[in-house]
Amino acid sequence: MKNINRKDEILKDERGQVLILFSLIVATLIASLSILHAQNLIAGVESSRAFLSFPKDEVRNLKYIVKLDFGHLDSDAEENLIDQIKLLYAAKGTYVDVERVSSSKYKLVYSNTEVYFSEYLSVQDEEIWLPETGGGGG
Amino acid sequence: MVVKEEKGRLSLDMLIGLSIFLFSFIFIGQFLPSVFADTRSEISVFSEAYKVSVLLVEDPGRWINLDSPDEKGFHWENEWYKNNISYRPGLARVGRPGFICLQKLVEFKNATFTNQMTYEDDSWVRDVFGLNTPDRTYHVNITLLKPQSTAYSPYYSKDKYGNVVLAIGPPIPNKKVSRYERVINLPAASDFLNVTKTNPSNENYEVNTTFPLGGALIVIRESINPSAACWVQIKVELENTTSNNILFETIYDLNLTTCNDPSIFGIYPLTSQLNEAYEDLYEEFIDTYNEIPDTNEITLRIKNLNCSVGLSQVGEILGDFETDVEARIVAKLVVTVWEG
Amino acid sequence: MSICLKKILKPKEDVGVAAKYKEVVDDEKAVSPLLEYLMLVTIASVFVLLLGLYLNSMFSESVTRTVLENQFADVGAEITAQMVDMYLLYPSNGVFSAKIYMPEKVGDYEIISEFENISGKQYLVIRSENGEFKKYVGLGNLPLDFTVNGSIHSMQEEKNITYSTENYIYPTAILLAGPTLIKSGMSVLFDPQFTKTNDGYFEYQIDFGDGNVSDRLIYDDLNDTVEHTYYSSTDTNYTATLYVWDRLGYTANDSLRIRVLPSSDTPDPEMYIDKFVSPGYAPLGEPVTIHLFMRGEGFRTSPRYLDVVHVIDVSGSMSPDYMDYYFGDRDSGYTIYHQFSGSKDPVVWEGTFEINETGSDIIYEIVAYTNDTYGSVSYWYSSGYYDAIQLYVEGPDGSVGNSNGIINSPPMYGKKFTITNPQTGNWTVKVVGLFPDESPYNKIDLHVKVYKYNSSMFTTQSETGSVYLGWGYDSEDVYFNVESNVTNLIVRTDSNKYHIVQIYNPSLTTVYSGGYSKIHYWETDDPDDGTWRLRIYKYYYTYSPRTVDYNITKKILVGSPDLIKSWDVDYFSSSEEIEFNLPIPCEDLEIKLASTSVTPTYAWIEGLGYNLNPIDISTSTREIRASDSVDPQGDYTVYIVNGYSESSISYTVETRIGKLDAAKISAINFNGVLVNNDSVGLVKYSSSASLVQWLTDNKDTVNTSILSLYGSGATNIGEGIRIAYEELLANGTSGRIQAIVLLSDGNANRADGMCNGTYYSDSEADDYALCWADQAKAANITIYTVALGDDADKTLMEAIASGSGYYYEAERADELVRAYEQIATELREKAAENITVTDVLPPGVELDESSIQILLGNDLVDNFQIIETPNGTALQWTIPQINISDIWHVSFRVESNTTGLIGLNVPTVSNVTYYPYPFSSMEVYYLPNETVLYTTAQSSSMSLG
Amino acid sequence: MRKLFHNEEAQAFTLEGITAALLLLIVTYALFESSVVVSPIWSEYGNIQLKQKGYDVLRSLDVHRTSLNQSACPDLSNLSRNSLQYMLVQLNSSDPQPNSEFLNAMNAMLDPSIKKRLEVYWVNQTNNNTIQSLVLINNTPIPDAVGVGRIIVLYPCEITSQSPFNGSVNDTALAVEVRMILWYV
């Protein structure tokens, strides 16, 4: 009877140590791995955000309007149009402004949480509107 | 007594237990890393594809004279073959991203061919677009496809002489690739269009073509004699020349006794009608004659109207391709990049 | 465990020893847990170890690698995408920036993104901070017309990529060189400092045109100039070309002409004129800088006529005698004329002999003598002819002794050396002749003999006695004879009271005179033979009478000594000779002599006013001064002979003359440089000033009057200048170079006069001087000033001078002479005169008046004005003269409001008119019509940060 | 001997060892596997491509009228019927529908696998600058659909009386934003 008691006690003794050992090892392992793993999962998010967020087509859209349409409008119609565009973009959380700085020069500003863009456009600037030679139209 | 003592053996069993655990763990561990973190090559491959496509479609390119660097400009197409010129072959028209400049396109092909002696390769293209890095290289394949094509059924854009407009780079392998598609606008250049114009001495036109069509557009201008009758009729006609079996469908039929209604004037795209008609006829042809047609024709009947029909194997046609500089042909530029 | 312990302890109480023993031995319970524990621990630890190692290598490392790879790919993709997109929106100007995101750490690696250029190809590099992991993203030909720079660290707060375009300035090469007219073997300094690039950075290389090319250097403080020496046997023009490269590799070049002459030629001086604009490209609205540049080229030329007036300070401080007389401060009147120093080896005759026996009675005597006296030639003679010979004896132990006796029995003169009880071994005799190396007197016949005595050769005889000295003053004389064979004499007095003793030799010179003492003792070797006198006395205040005993002991040589060794040789001396010359009769001359010798070492001064007695310079510095009675003008030679046998000595000879003397020498020397037609005048000033000699081309009269100057009184510089100026106005010849050479050694402290309508008191002496100086300069008179000595008011003198280049400082007479010489030549080195530079800016080219600045040669400019002419705005400088190697360099900024190639001046009216040598006719140099290209050149850059 | 087989502690240990190990492995494996499934990246890149296409298509369809000015407008027959401009001009306020030619062109450019929703927005200046909108193609998008837009300028003379834009501006150019929402089915 006494013997058995003693065995039990010794067993308890040992088991305790072994379990602690295991849990320790495996816990640390999992912890470190899970961090790395998490990082691996989010890899690619930044670049895809960059691709998605970059508003170049919208900026260009604006540039075209300045280049192609403003030429056809008188100044107050122009002002008017800018106001409309401002509003439309404001609805999308983007600040847009086109301001006439000289007779043929405009300052274009496009700014949201991701990017800030500003450029001086000139409607005479051949580089924005360059008729193709040969190869037919457009 | 000591020998009989079994507590000593306890730890032997311990040992066995532990070893089994250890070995099993290690064994499983062998294939675990891939589970914890897999290599995600698509990230860089995708961005390379993106980069190349953007540089082709939105960039007019740039040239610079290394000797006197104040000599530089966008029109590399006139300079690239000269000495001491460094250039980047963008295809976009200056100031019109997304609009492809014809000469640039042509010269891009020339440059490619001059530099690598074949279109089947990408050695030069890789260099120009920075697809060679000290630690790895990416391969690229650049093609121009009709809008209708998909990843599985590509239709190459061809000019009116039947030449593939743009296909550069080695064949796409069966592995993880990144495919980036751009919808681009080409000039409605005569090479890309097969234009049929009204000729008073003739009413019937027959145009052999292949389907699906990239684009089709009919521009109906004023009538030659408003008081007289006028009509426009467009048919798709499939024929097997050996058995002379014919099947056709009229997809556009305008017929006026007095040609004075201005509402008929305009610019009408026909692409989808023609393509759909072709598909229907093709199936019907096989059903009815259990043979396949060997010639596809589009027949036009035009009377008393100034009009012209443009058929393109390059892409969808938008705008008055005869007068409007903004008229364009829309096709898909597909850039495929893979690592290797 | 505790249980087992109990088990073991329990029996202790109730069981016997045997039982306890058994218990312990076959107690198995304790064993089992113990064993198990050990095994368990070992196994566990091994297990943990294996697992730990394996897991680490297998999991974390390989996993981290992949994760990093992916994250890098992500960041790379992000940045390149941004770059491409931004670039394609190409703002033609302005700024465009976007945020960049990246994880701060990947598996405790921090990330850095930057650009790298590998063999001409640009890459974006994403790497771990320590560079262990790297990923490249190729940029291909994207950065074709913009630069990439900067880097992003994953930990930094703001992460941005910015695309900015600003105006870019293409490089403009500008080469300056000087001199451009040289003789073969001379070197030219090339200076690219005005080269303009976008950001100031450039690399440059110079093709010297003679087949040599410089290294390609990055321009910085270290490499800001390049020097090159040209050689040519014929008159040749070389074209030197400067090539520059800027940061982007854009290049530009500029050339100029270098004319190289055979070294024999001496061409006329000429003017080098250049105009350049920097930069040559500019964006619209940017100002460009125009440079005008002139340099006097050439060499000293054939005569050209001068009107010079010496203005010499004759204040008291110029004269040692004056300073001595009034202030007892002779020194401050002196100025150093020459300084010599050097070292001198002795000329030693050596002979050896051996001593093999010794003892207290053994005496060796070494004598060295000569019979040559060269009677009249007195260099030998100091206290006696024997001074000409120095005798040293070196014992076996290496110790060197100097002679301890003289030989002065004509015709034998020399030294002797006596050793009693000598060391046995080899002895060395060393003889040094102390006389100058002046042939034929530089040789003597030298006789050296070694005698040996022993005691048996000597007897001693002594006289004793006593004298009584009575009350008060009393004196007693004792006479005794000394025979020729007496070798040693000892005189001794003894008393219980104080007394005085004097001993007279036969020639009645006092050889001993001992003060109050109770005992007197005197000994000498080889006493002169004859009757000697011993005087014993006391003064009255040692009142009481006393008796003094005396004892005279003579050592008499009876036999004759054995001659051990004897040499008869010819000895030649060698001396250092220092020569200098006093060109004029100076008031004061002082010569200071010193040496490091420890034994007698002589100097002789040969020259007017000096006899040739040797001067022992071994002990202390000796100052020899010419007596005022004699005129020290003439040549001087100082002989120095080393009398110390053992080592060479170093010596210094310093000659000093009165400041005024120095001034005289300089001025006369100056006149010597002048040519016949030049005229000179002389003004002296002290408390007041006076015209000593009006302008004359007769230099001799001027020199005589210069010599007549003497120092006294205060310093009134102003007056000096005034009189000189008035003289030049009155008697100067127009067209000549008119100059005043002003010398002073002190502070102006007298004025008391009117200048330009203002009265100046003594306290305003400086202003007074300056005032007159300005008058003179205004009248186109060049004023050279020379400040002599430390006490001179240098600031004032510099202010008085026509410019910094016209001011000299002289610490010492020789410097003063040189200064005057330089002035004399300077006056001749005019390359051109009456120069007028006119640059007319065409309409549309705006001048920024605030930017006009004279970079070099400010002092040359006489007048500058801006005139509005019908042609445009004209800038005009007038410059009285440009000397050889004078540089004049002005720059100013202009701006044009139209694009394209803009000419920056109006041709022909923009010119330089000047009178080149020989100043007879005017020449016109048409300024090149430099152009600037106003472009919209732009440079863009993509920068991470 | 007998004892050795009947040693129950030893078994306990071995079993524990193995079971514990397996259990842990399964858990971790499951954990990581599951999280791979929710990796966002695939759909992300898809969207990039999609958005790009959207912009491209809108740009392609924006056939700007050359040779035109505020006062004198070209008649409709000079507008390509598959252009955005024509589509907007022909809209009819009673039943605003894009014309078939436009739809065909647009569909030809976008793969059949792409579904779309089309809206127009504009500012009504006469009604204190409220933003008005109109749905032309009505499909309900899935959560991660992407939206693209393009502003087209209509000129006074192009706004007919039955146009939905009529009266939004008085005799001045009108900015109309065409928004296209795209997603894969």
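C:Lys449 is a buried residue of this predicted model, with a relative accessible area of 13%. C:Lys449 takes part in a salt bridge with C:Asp568, and the closest N and O atoms of the two are 3.7 Å apart. C:Lys449 belongs to strand E28 (residues 443–454) of chain C and C:Asp568 to strand E35 (residues 562–572) of chain C, so the bridge joins distant parts of the chain, 119 residues apart.

When contacts in chain C between residues at least 6 apart in sequence are considered, 74% of them join residues at least 24 apart.

Two of the helices of chain C pack against each other. Two packed helices are described by the angle between their axes and the distance between the axes. For helix H7 (residues 717–731) of chain C and helix H8 (residues 765–778) of chain C, the axes come within 7 Å and cross at roughly 20 degrees. Angles under 35 degrees count as roughly parallel, and H7(C) and H8(C) are therefore roughly parallel to each other. Their crossing is left-handed. On the side of H7(C), the contact is made by C:Ile717, C:Gly718, C:Glu719, C:Ile721, C:Arg722, C:Tyr725 and C:Glu726. H8(C) contributes C:Tyr768, C:Ala769, C:Trp772, C:Ala773, C:Gln775 and C:Ala776. Sorted by class, the residues of this contact are eight nonpolar, two polar and three charged.

Chain B contains six helices and 18 strands, and 61% of its 340 residues are buried. Among contacts in chain B between residues at least 6 apart in sequence, 73% join residues at least 24 apart.

A salt bridge in chain B connects the side chains of B:Arg221 and B:Asp320, at 3.0 Å from N to O. B:Arg221 lies in strand E11 (residues 215–223) of chain B, while B:Asp320 is in the loop between strand E17 (316–318) and strand E18 (328–339) of chain B, so the pair ties together parts that are 99 residues apart in sequence. As for accessibility, B:Arg221 counts as partly exposed at 22% relative accessibility, and B:Asp320 counts as buried at 9%. The cut-off for buried is under 20% relative accessible area.

D:Arg59 and D:Asp56 form the bridge, with the closest N and O atoms 3.1 Å apart. Both residues lie in helix H3 (residues 41–61) of chain D, three residues apart, about one turn of the helix. Both D:Arg59 and D:Asp56 are buried.

D:Asp56 and D:Arg59 also belong to a network of salt bridges. Over all chains, the structure holds 65 salt bridges.

Definitions and conventions
Residues are numbered from 1 along each chain as its sequence is written. Chains are lettered from A and ligands numbered from 1 in the order in which they are written. This is a predicted model: local features need pLDDT of at least 70, side-chain atom pairs count only at pLDDT 80 or more; totals for chains, interfaces and linings use all residues. Side-chain values use heavy atoms; hydrogens and water are left out. Axes are lines fitted to C-alpha atoms, for helices over the stretch in contact, and angles run from 0 to 180 degrees between N-to-C directions. Helices (H or I, at least four residues) and strands (E, at least two) are DSSP runs, numbered from the N terminus. Angles under 35 degrees count as roughly parallel, over 145 as roughly antiparallel, 65 to 115 as roughly perpendicular and the rest as oblique. A crossing is left-handed if the near helix is turned anticlockwise from the far one by less than a right angle, and right-handed if clockwise. Contact means heavy atoms within 4.5 Å. Ala, Val, Leu, Ile, Met, Phe, Trp, Tyr, Cys and Pro count as nonpolar, Asp, Glu, Lys and Arg as charged, and the others, Gly among them, as polar. A salt bridge is a side-chain nitrogen of Lys or Arg within 4 Å of a carboxyl oxygen of Asp or Glu. Buried means under 20% relative accessible area, exposed over 50%, partly exposed in between (1.4 Å probe, protein chains only).
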